2 protein chains.
Amino acid sequence: MAEQHVVVVGGGFGGIETVRSLAGAPVRITIIDQRNHHLFQPLLYQVATAMLATSEIAWPIRHLFRNRPEVETLLATVRGVDSKKREVLLHDGHLVPYDTLVLATGATHAYFGHDEWEKFAPGLKNLEDATTIRRRMLVAFERAERETDPARRQAFLTFVIIGGGPTGVELAGAIAELAHVTLVKEFRNIDPHLTKVVLIEAAPRILLAFSEDLSAYAQKALERLGVEVRTGAPVTECADGYVVFGKEKLATATVLWAAGVKASPAAQWLNAPADRAGRVEVEPDLTVPDHPEIFVIGDTAAVLAPDGSPVPGIAPAAKQQGSYVATVIKARLAGRPEPGPFRYKHTGSLATIGKRAAVIDFGWIKLRGWLAWWIWCVAHIFFLIGTRNRIAVGLSWLWIYVTGHRSARLITQGQAREETSMISAPRPEKRRRH
Amino acid sequence: MAEQHVVVVGGGFGGIETVRSLAGAPVRITIIDQRNHHLFQPLLYQVATAMLATSEIAWPIRHLFRNRPEVETLLATVRGVDSKKREVLLHDGHLVPYDTLVLATGATHAYFGHDEWEKFAPGLKNLEDATTIRRRMLVAFERAERETDPARRQAFLTFVIIGGGPTGVELAGAIAELAHVTLVKEFRNIDPHLTKVVLIEAAPRILLAFSEDLSAYAQKALERLGVEVRTGAPVTECADGYVVFGKEKLATATVLWAAGVKASPAAQWLNAPADRAGRVEVEPDLTVPDHPEIFVIGDTAAVLAPDGSPVPGIAPAAKQQGSYVATVIKARLAGRPEPGPFRYKHTGSLATIGKRAAVIDFGWIKLRGWLAWWIWCVAHIFFLIGTRNRIAVGLSWLWIYVTGHRSARLITQGQAREETSMISAPRPEKRRRH
C-alpha cells in the first residue's frame, strides 16, 4: 500500500504545527503556501513601526522542514478543492491529490461591507502590509516637515488606528513612541510632539478580550503615551484625507485598520456551512461535515471552547488545533480509536502598550505594568523560531530600549508621492512659483 | 549678513561626507535625497543574496544628522538646477535657493544603448533592486522545483551575471554559495548542486582594476565555488529566457546586470561639459566651469587621479571628494586661500569571492585568500555607520559562517508569478488537466 498523502494548505501557526506534530508518522506531506515564509504575526506591528526588520520575524517554510525528507514545500496559491476527486487546485491549473487535507488558510481584513475603505485604511496581515504601513507613516512625517499650511500639516501628523484589540493597541502605542521618542530632534520645521495618535473603538472599551480593570489600565497607559482613545465610536466613513466616527470628522493622512477579520474562502471551496465571518463550522474533531478526511483549523474554522465561547483567532489556538489534527491522523493510521473532541485550553491574553507597560490576563492571574511587559517580551522571544531570530530580536529590542533609536526606518517600494492622494495631490498654488 | 546656505544633493558617500566635514562651519545646510536613507552600497549584493536584511545597511539620513540643528534633510527628487538664479528645482515645483551647491547624485545602470535589456537583466543600485533580485532568484529555485520539463528546469537553475567587476564577482560567488551550501537539503525534486552560475565579462579577464595574478586567482576561486567564468565574451542580446554572448546562446530565467554605469543627469541640469558616461568634466577643484559655487563629486564627476588615470567610482573616492569640497567651502568662508587641486589617494581595491576567499590590491601589497577575506570583513564592518549595524552585520556574518543558513530568504513585494514572462507564462498543456 502506498503511503498516505497529507496535504496541508497554509504555512501559518496552524499549518506549521500540523506538519511538526506529524513527525515520525508514516505519511508523505505536502505543505502549500502562497508565500515562501512562515510569519510570526504577533510581532508584525513592530515591522510596521520600524522596530524590527522583516527577516527577523519570518522563516522560509522549506527551511523549517529541511531535515524532514518526507515533507515537500510548494509555493503556490490554492484556488479550490475538489472534495469528490480529493484534489487541490492550484493557481496554475496543477492539481495536487490528497488522502487527508488540512486547511489552515487563515483570515484577512474585513471592512464590514465597505471594501472601498481598504485603500485609505490598510490592514496588517503580511510583510507587504507592514512595509506599506511603515512607508505611509514615515512619508507622512516627511510631508509634514515640508508642509506650510497648518491644517494640512496637522493632518499629516494625525494617525488614526481603527480597532481597539491587541493589534490596534500595540500599533497606537508604538506609533506614539515613534513620534515622541525616536523622531525627536530629527525634524527642523515640525515638532514630532505635536503628533496626534487616535485609537477608535466601536465597543464601550478597548481590549474586550481582557477584564475591565486591565482594559481601563491599558487605556490609561495609552493616554500617558499621548494616545487619544475614543471608545463607543463606530467609524462611519473612511475617505481620502479624513475619517468620520461618532459625530466627529477628523482630518488625517494616515488611517490604519485593525478592526475586523474575515476567514479565507475555504468554506466556498468546500461548499461547507460557514458562520458570518466565513469560518467553516467544523465537527467537534475539526473535520468538515461528511468529510472526515478534511480538517479545517485556525482562523478559518469556527470552533467552540469548552465553556461555549468561540475559540479566539490567536496563535496558541491555531497551534493547539494543528497538534490535535496530527494526533487524529496518527491515531487513524495506527488503527487506534480517535482522541475525544478538540478541547481548547486558553493560556492567556497578552498585549503590550509601549515600553514597560503591558497587560496579561491568564484567567487565574491578571498582570499589568512593567512585570507584565517583561513577561510579554520573554514569551515572544521564546515563541520565535530559531536561535538566530531570538538573538536578533533580542538585540533589536535591547537597542531600542537603551537608545530609543529604531533601525528599520526605511521608506522603500514605491515613490513617496505615489501614496494616498491627499499626500500626492499636486498643489497648484505652489506650482505657480516657477 | 545672513548665513551661507549650502545645498547638498544626494545622500550617498560623497554627500554624507560633505555634510559631515562641514561640521562647525558657519553655514546652514540642506541635504536633499529622493530616498530617506543613506545606503552602504558595497554590501548591497549581500541583501540581494539573502545574507543581510535591508535595514542592516541603510540609515535614515535625518537620523545621521539629528545632532546638527543647522542641517535640514529633505525627501525630494531634484528635477533641475537654475544656475543663474541659484535655485534647485524639486519634483513638486518647489524651488530651493542656494549660495553653494554640491551635486553628489551618483550613477545608475548603463545598458550601452540597449535599454530594453533592463527588464530582463536588472542591475543593483538601491534596496528595491536588491529585493527584486533576491525575489527573482528565490522564485527561480521555486519554479525549478515544480518544473517537469528538464530543459526548462535547467533554465530556472541557470543564473547569469553580466560584468566581471567586483559587484559581478561578489554576486556570482554569493549565488553559487546560496545554491551549493544554503539550499542543500531543502528541495525534493531538484538538486541545487545542478545550479549553473555563469559570469560573463567582455574584457579578457575579470577584475580589471586588479593586477593580473589577483584576477587569475579570483577566477580560480570562483571556479572552485562552481562558477563558470567566460571572459572575452561581450553580450549581444538579453531577452526573455535567454542571453547571447560570444557565439553562445544560453537558456536562463535569471540574468543580473553588473556591467556598466552612467552618471545621473547633473551635466544636463547644468548644461555642463560631460564625458561619454555623462559625468561632468569638473575643474581641478571639483567645481563646474564658470560656476565656482557649484561642486560636482562622486560618480557624477569625471576627475583624474595624479597619475592621469580616471578616479574610480568607489566609496573612498567619493568620500575624499566630499571632504575636499568641505575644506574648500570652509576656506572661502574664512577668507583663507583655497587648498590646492583635489588629489585622489587610492587606498586599495577589494573584492570577496564567497567564504574565506578575497583579493586585495593595495598597490604596495597584494593579498589573496583567507587573510584577505578577513581583512575585507573587518574593513567593511569598520566602515559601516553606527554600533547597531556593526553588531547586526557581524552577527549575521558569524551566523552564516558557522551554520551556512541565510536568514533573509524572503520572497516579498509582488506575486511570484508576475516575474519575467518566462516564469509567468501560462502553460496550456498543463492547464488542460482540469
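Visitor: Which residue in strand 24 of chain B does B:Leu350 stand opposite?

Guide: Strands of a sheet pair through backbone hydrogen bonds, either parallel or antiparallel. In this predicted model, B:Leu350 stands opposite B:Ile360 in strand 24 of chain B, where strands are DSSP runs of E with at least two residues and helices runs of H or I with at least four, both numbered from the N terminus. Strand 23 and strand 24 (residues 358-361) of chain B pair in the antiparallel sense over 4 bridges, pairing being assigned if DSSP finds at least two bridges between two strands. Residues are numbered from 1 along each chain as its sequence is written, and chains are lettered from A in the order in which they are written. Local features need pLDDT of at least 70, side-chain atom pairs count only at pLDDT 80 or more, and totals for chains, interfaces and linings use all residues, while side-chain values use heavy atoms, with hydrogens and water left out.

Visitor: What is the order of the strands in that open sheet of chain B, and which strands are at its edges?

Guide: The order is 23-24-25, with antiparallel pairing, and the edge strands, each pairing on one side only, are strand 23 (349-352) and strand 25 (366-368) of chain B. Neighbouring strands are turned by 5° against each other on average, direction ignored; axes are lines fitted to C-alpha atoms, for helices over the stretch in contact, and angles run from 0 to 180 degrees between N-to-C directions. Helix 10 (residues 370-383) of chain B lies across strands 23, 24 and 25 of chain B, at about 75° to strand 24, contact meaning heavy atoms within 4.5 Å.

Visitor: How much area do chain A and chain B bury between them?

Guide: The size of an interface is often given as the accessible area lost when the parts come together. Chain A and chain B bury about 6200 Å² between them, 51% of it on carbon and sulfur atoms, where buried area is the accessible area (1.4 Å probe) that two parts lose on being put together, summed over both. In chain A, A:Arg62, A:Arg146 and A:Arg388 lose the most area to chain B, together 14% of what that side buries. The contact takes 63 residues from chain A and 63 residues from chain B.

Visitor: How many salt bridges does the rule find across this interface?

Guide: The rule, a side-chain nitrogen of Lys or Arg within 4 Å of a carboxyl oxygen of Asp or Glu, finds 4 salt bridges between chain A and chain B. One of them joins the side chains of B:Glu142 and A:Arg62 (2.6 Å, N to O).
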